[in-house]
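Me: I'd like to go through the labels used for this model and see where each one comes from. Could you take me through them?

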Amino acid sequence: MGYRVVVVGATGNVGREMLNILDERQFPIEAIEVLASRKSIGTECSFGDKTLKTKDLDTFDFTGWDIALFAVGSEATKKYAPVAAKAGCIVIDNSSLYRYDPDVPLVVPEVNPEAVHDYAKKNIIANPNCSTAQMVVALKPLHDRAKIKRVVVSTYQSVSGSGKEAIDELWKQTKGIYVPGQEVAPEVYTKQIAFNVIPHIDVFMDSGDTKEEWKMVAETKKIVDPAIKVTATCVRVPVFVGHSESINIEFEDFLDEDEARDILREAPGIMVVDKREDGGYVTPIECVGDFATFISRIRQDVTIENGLNLWCVSDNLRKGAALNAVQIAETLGNRVLKKG
């Protein structure tokens, strides 16, 4: 006996990745449907050795379905997620719409799996921002040991976080630099992304922070501990897939770098690759297609009393989005629904 699962937004990067991961992790499925907007009806999506054709999200009846994985923007989610939830189908939402709703749990299964029990207030569970997801996986086991006071994080985020159009823009701009007459002006981004970095992700707020930076602050507090102080600088870099983060952590108690390394090696969802030699660390290109969050460059920060630095890399389409959503579904199944 398995679950009746719907993937909403199945034709996008994250939706397709959700299908891949459901198959790879052998999620117990009795039936599955893939939904998209009217313009994409009939588009074929791969699910293991099967080919599924998308159906119309606008007319789909969610009654009798157990879980809906939503991989569409906030506007579509705002319209359709309550419809699915009202029909008794539990929504796992990848958009930002419900992340800050006090009645909707924001879940990273390695960090706060118990929060899935709070789904019943709205029949919705929120998936965090991609840059937050990988960071809190690294922070939680360290916080349990030494209690984190403050985090300073700088992100190096790949263009896939902005969707297929951004991937195309990086590719075409890179090619255009070498091929006269094929230069491509910025459209997705405010400045050229090829051979450049852009310290601007999402919209600017009155504080001077961007919305992406604010998300990392608010989500870390909701998922890990509201007492943690977080400051972030989020940067888009010319990498196709894989987000990287330089994380500086200040603890209440001293935590030795060797003990921190041992703690992270034992923590769920983490792979430590930390050799103090050429190539003894993980870069974004090496994490693509992997489930793990990789940690490297663990070292004491001697400029503060109880500080550590580390480097954190993960496939943003996986841990930052699709994988985390499927892990939420697994946690929901194991702890609440118990059908699989």
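Reply: Happy to; here are the ground rules, followed by your questions in turn. This is a predicted model, in which local features need pLDDT of at least 70 and side-chain atom pairs count only at pLDDT 80 or more, while totals for chains, interfaces and linings use all residues. Residues are numbered from 1 along each chain as its sequence is written, and side-chain values use heavy atoms, with hydrogens and water left out.

Me: Why is α1 called oblique to α8?

Reply: Helix α1 (residues 13-24) and helix α8 (residues 318-337) pack at an angle of about 50 degrees, with axes 9 Å apart. Under 35 degrees counts as roughly parallel, over 145 as roughly antiparallel, 65 to 115 as roughly perpendicular and the rest as oblique, so α1 is oblique to α8. Helices here are DSSP runs of H or I with at least four residues, and strands are runs of E with at least two.

Me: What makes β5 and β8 edge strands?

Reply: Two strands pair if DSSP finds at least two bridges between them. The open sheet has 6 strands in the order β5-β2-β1-β6-β7-β8, with parallel pairing. Both β5 (55-56) and β8 (124-126) pair on one side only.

Me: How do you know that β1 and β6 pair?

Reply: Strand β1 (residues 3-8) and strand β6 (residues 67-70) share 4 bridges in the parallel sense, against the required at least two.

Me: What about β3 and β4, parallel or antiparallel?

Reply: Strand β3 is joined by 4 bridges to β4 (residues 50-53), and they run antiparallel. S46 stands opposite T51 in β4.

Me: Why is G88 called partly exposed?

Reply: The relative accessible area of G88 is 45%. Buried means under 20%, exposed over 50%, and partly exposed in between (1.4 Å probe, protein chains only), so G88 is partly exposed. G88 lies in the loop between α2 (74-86) and β7 (90-93).

Notes. Axes are lines fitted to C-alpha atoms, for helices over the stretch in contact, and angles run from 0 to 180 degrees between N-to-C directions.
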